Amino acid sequence: MITGIKENLQKIKETLPENVTLVAVSKTKPNSDIQEAYDAGQRVFGENKIQEMVGKYDALPKDIEWHMIGHLQRNKVKYMAHFVSLIHGVDSFKTLVEINKQAKKHDRIIHCLLQARIAKEDTKFGLPFAEIESILASEELKELENVKITGLMGMATFTDDQAQLQEEFSSLANFFNVHQKKHTDLTTLSMGMSGDYSLAIENGSNMVRIGSSIFGVRNYIA
């Protein structure tokens, strides 16, 4: 088991402003690591594969708040609809429709973040700003009574170029600030991971997704 999880968490939390929520990215990590973080006071965890998250939900304490942070396949929403707290990466209206359908079966309202495409990399998912505007303003969204869009999420380019990261984070922050005035439910701006979360916070992020800085180098599973 990786040592130092408690210490890593403490160091990170000391650097975070009070208004910033820490999502501990626990994908590929064993339940024992998550339990160690839980025992150190962490309650919010992020996973990118639904089946893995379901197994962890079943095995670990029920007051954990599970966030789905990976790209979401619509046909798998049903497996997590009874417990997921927040879905970060919603990048189509069809996905919102499916989340609403599955949430209704469990008499729940599932909170979601619309994922904006801010990175210059072609591999990143996300919606153009114009499409987000269209969804937020649509009458169709109002009909989805079991879904609540509570904010926006963006993943910056994987680069050490601080100027580029600054440009990407600030573009989403500016967009968020404009639309928060029109849509009062928008309270969460999720930007920043282990390598760039400090800059993301400087640009207004109030939710960061941190994995390797807490749990150590990730064990990738094919």
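## Reading rings, cores and backbone angles

A search of the whole structure finds 3 aromatic pairs.

Reader: Before we start, what kind of model is this?

Author: This is a predicted model, in which local features need pLDDT of at least 70 and side-chain atom pairs count only at pLDDT 80 or more, while totals for chains, interfaces and linings use all residues. Residues are numbered from 1 along each chain as its sequence is written, and side-chain values use heavy atoms, with hydrogens and water left out.

Reader: How do I read an aromatic pair?

Author: Two things describe a pair of aromatic rings: the distance of the centres and the angle of the planes. Rings of Phe, Tyr and Trp (its six-membered ring) pair if their centres lie within 6.5 Å; planes under 30 degrees apart are stacked, over 60 edge-to-face, and the rest tilted. Take Phe45 and Trp66: the ring centres are 6.0 Å apart and the planes stand at 40 degrees, so this pair is tilted. Phe45 belongs to strand β2 (residues 44-47) and Trp66 to strand β3 (residues 65-68), so the pair links parts of the chain 21 residues apart. Here helices (H or I, at least four residues) and strands (E, at least two) are DSSP runs, numbered from the N terminus.

Reader: What about Tyr57 and Phe83, stacked or tilted?

Author: Stacked, because their ring centres are 4.0 Å apart and their planes are at 10 degrees. Tyr57 sits in helix α3 (residues 50-59), and Phe83 in the loop between β3 and β4 (86-90). Tyr57 has another neighbour: Lys62 lies over its face, at 4.9 Å from the ring centre. A charge sits over a ring if NZ of Lys or CZ of Arg is within 6 Å of the ring centre and within 35 degrees of the ring normal. The charged end of Arg43 is placed over the ring of Tyr38 in this way, 3.6 Å from its centre.

Reader: Is Tyr57 buried or exposed?

Author: Buried means under 20% relative accessible area, exposed over 50%, and partly exposed in between (1.4 Å probe, protein chains only). Tyr57, at 18%, counts as buried, and Phe83 is buried at 7%. Phe45 and Trp66 are buried too.

Reader: How do I read a nonpolar core?

Author: Think of a set of buried Ala, Val, Leu, Ile, Met, Phe, Trp, Tyr and Cys residues joined through side-chain atoms within 4.5 Å. The largest one here has 62 residues, and Trp66 and Ile99 are among those that touch the most other members. Helix α7 (residues 162-182) gives the most to this core, with 6 residues. Another core lies apart from it, with 6 residues, including Val23 and Met153.

Reader: Which side chain makes a polar contact with that of His88?

Author: A polar contact is a pair of N or O atoms within 3.5 Å; within protein, one must be able to donate a hydrogen and the other to accept it, and residues adjacent in sequence count only if both atoms are side-chain atoms. The side chain of His88 makes one with the side chain of His67, at 2.9 Å. His88 lies in strand β4 and is buried, with a relative accessible area of 0%.

Reader: And how do I read phi?

Author: Most residues other than glycine have a negative phi. Thr28 has a positive phi, near 70 degrees, and Asp107 has one near 55 degrees. Thr28 is in the loop between β1 and α2 and counts as buried at 17%. Asp107, in the loop between α4 (93-105) and β5 (110-116), is exposed at 71%.
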